[in-house]
Amino acid sequence: MSENNFDVVVIGSGPGGYVAAIRAAQLGLKTACVEKDPTLGGTCLNVGCIPSKALLQASEEYAHADKALKRHGVMVENLQLDLLTMMGHKDKVVSDLTKGILHLFDKNDITHITGSGALGATGEVVVTDDSGAESTLLSKATIIATGSESASLPGIEIDEKRIVSSTGALALEEVPGHLAVIGAGYIGLEMASVWGRLGAKITVIEFLDRIVPGMDGELATNFQKMLRRQKMKFKLSTKVTGAELGESGVALTMEPVDGGGAETLDADIVLVAVGRKPYTQGLGLEQAGVKTDGGGRIEVNEHFETSVAGVYAIGDVIAGPMLAHKAEDEGVAAAEIIAGQKSHVNYDAIPGVVYTHPELASVGQTEEQLKETGIDYTAGSFPFIANGRARAMSATDGFVKVLADAKSDRILGVHIMGADAGTIIAEAVLAIELGASAKDLARTCHAHPTLNEALKEAALDVDERAIHV
């Protein structure tokens with residue numbers, strides 16, 4: 001049984017799982033990672049973050065060539081879309097990265113086991129392979145990192161052909177004439193952007209009265225205006241009550257959330273993007289005594305340990321934002337704690353990014369949250385239209401907003417809408433992680449001309465001393 005005896009067994013090989021396995025191995029722990037799918041990387045690498053960003057990049061380049069390059073004196077004639085090649089690029093990116101994880105496992109002497117893992121008796125993980133054969137791993141510590149899956153709506157059956165989840169939306173064989181997107185969060189708007197740029201008519205249906213719930217309200221309002229300029233149509237405060245498949249499309253039945261008459265919307269493809277739910281089925285949680293909350297998430301303490309000693313959980317299966325980088329940080333922390341070190345995750349410094357055009361990025365608290373908790377704050381903002389690099393790029397949409405404590409000047413939140421917002425936000429995350437003040441950020445010398453100067457100017461504006469506006 002020595003070959004089946006490990007210090008750590010990780011169930012799931014997504015960003016949280018494979019990072020936890022690598023960190024545990026780096027710390028000298030004999031480590032195995034159990035994955036039910038034939039490739040490593042979980043949802044993020046296979047049917048989530050990575051393929052969606054490949055299509056977002058490719059579709060943005062297509063739209064840029066079609067509409068924007070002429071402003072820079074670059075004339076493109078007879079522009080054509082080769083969707084098959086675009087999808088091939090996406091698939092190659094995914095294949096290369098998943099193979100890369102396998103290489104990292106080999107490099108760090110991590111045992112990769114294919115099969116579905118579940119908790120067995122104390123200190124055991126039972127693995128079932130595709131043939132139904134079972135094997136038992138002995139482990140001093142087990143980390144559950146099984147991630148999440150797409151949520152659905154009652155009465156709407158996802159067939160991944162006409163009614164699709166994000167997985168199906170990444171693999172459409174042709175550009176739909178009309179794509180209806182149920183849900184105005186990260187995933188829905190990113191997929192709407194991909195297919196809208198490629199020529200689809202887009203209608204976004206959202207139950208709430210705003211888009212990108214959880215993002216700063218001012219950011220969301222301005223973002224919706226930008227998306228409308230890209231010809232996206234929105235039906236807010238609207239609930240979908242049914243979907244009927246026809247020969248060539250789907251008829252959606254909708255009605256106002258506050259009551260009113262029903263209406264029908266015809267679409268070629270319907271994307272259901274109403275969020276994600278923890279993937280915990282088949283793990284044997286109840287039999288093992290692992291407690292979950294009302295939302296099906298695994299309950300953990302500050303050390304990521306569940307109600308069962310020696311069993312840990314990270315990523316989308318526990319509370320918090322369902323983000324790959326959050327899972328990665330938790331994976332590192334859990335492995336270090338298991339190895340006897342002290343480690344933690346600062347949840348005030350977890351960024352969120354929407355990879356549309358323009359991009360949205362946010363870290364820390366929103367104005368709505370600060371008002372709700374009664375925290376006295378000062379806000380500073382700066383528009384990209386006043387930034388030299390943004391003008392040179394013809395990327396002047398959007399702004400940066402910095403929120404700071406009125407007394408201490410400590411940065412409480414940063415919210416960005418604009419080109420490369422997902423990259424710029426890293427500076428703000430570091431500032432919050434180090435407890436920096438708005439003045440600290442304002443005093444930091446920024447290279448000129450760069451988009452990041454907009455962040456410095458917003459920090460200056462907290463003290464009403466922005467230079468270029």
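**View 1. Ala390 sits in helix 11, residues 388–393.** Helices here are DSSP runs of H or I with at least four residues, strands are runs of E with at least two, and both are numbered from the N terminus. This is a predicted model, where local features need pLDDT of at least 70 and side-chain atom pairs count only at pLDDT 80 or more, while totals for chains, interfaces and linings use all residues. Residues are numbered from 1 along each chain as its sequence is written, and side-chain values use heavy atoms, with hydrogens and water left out. Ala390 counts as buried because its relative accessibility is 0%; buried means under 20% relative accessible area, exposed over 50%, and partly exposed in between (1.4 Å probe, protein chains only). Skip the neighbours within four places in sequence, and Ala390 is in contact with Phe384, Ala395, Thr396 and Leu451 (contact means heavy atoms within 4.5 Å).

**View 2. Helix 7 covers residues 217–229.** From first C-alpha to last, the 13 residues of helix 7 reach 19 Å, close to the 18 Å expected (1.5 Å times one less than the number of residues). Gly217, Leu219, Ala220, Phe223, Gln224, Met226 and Leu227 are the buried residues of this helix. At its start, a side-chain oxygen of Asp216 comes to within 3.1 Å of the backbone nitrogen of Glu218. After helix 7 comes Lys231, with a positive phi near 75°.

**View 3. Glu218 and Lys401 pair up in a salt bridge.** The term covers a side-chain nitrogen of Lys or Arg within 4 Å of a carboxyl oxygen of Asp or Glu. For Lys401 and Glu218, the closest N and O atoms are 2.8 Å apart. Lys401 is in strand 21 (residues 399–405) and Glu218 in helix 7, so the pair ties together parts that are 183 residues apart in sequence. Lys401 is buried at 2% relative accessibility, whereas Glu218 is partly exposed at 38%.

**View 4. Asp7 and Lys140 form another salt bridge, 3.3 Å from N to O.** The pair links distant parts of the chain, with Asp7 in strand 1 (residues 5–11) and Lys140 in strand 6 (residues 134–144), 133 residues apart. Asp7 is buried at 19% relative accessible area, but Lys140 is exposed at 64%.

**View 5. Lys239 and Glu255 make a salt bridge too, with the closest N and O atoms 3.6 Å apart.** Lys239 belongs to strand 12 (residues 238–245) and Glu255 to strand 13 (residues 250–256), 16 residues apart. Lys239 is partly exposed at 30%, and so is Glu255 at 25%.

Technical notes: A polar contact is a pair of N or O atoms within 3.5 Å; within protein, one must be able to donate a hydrogen and the other to accept it, and residues adjacent in sequence count only if both atoms are side-chain atoms.
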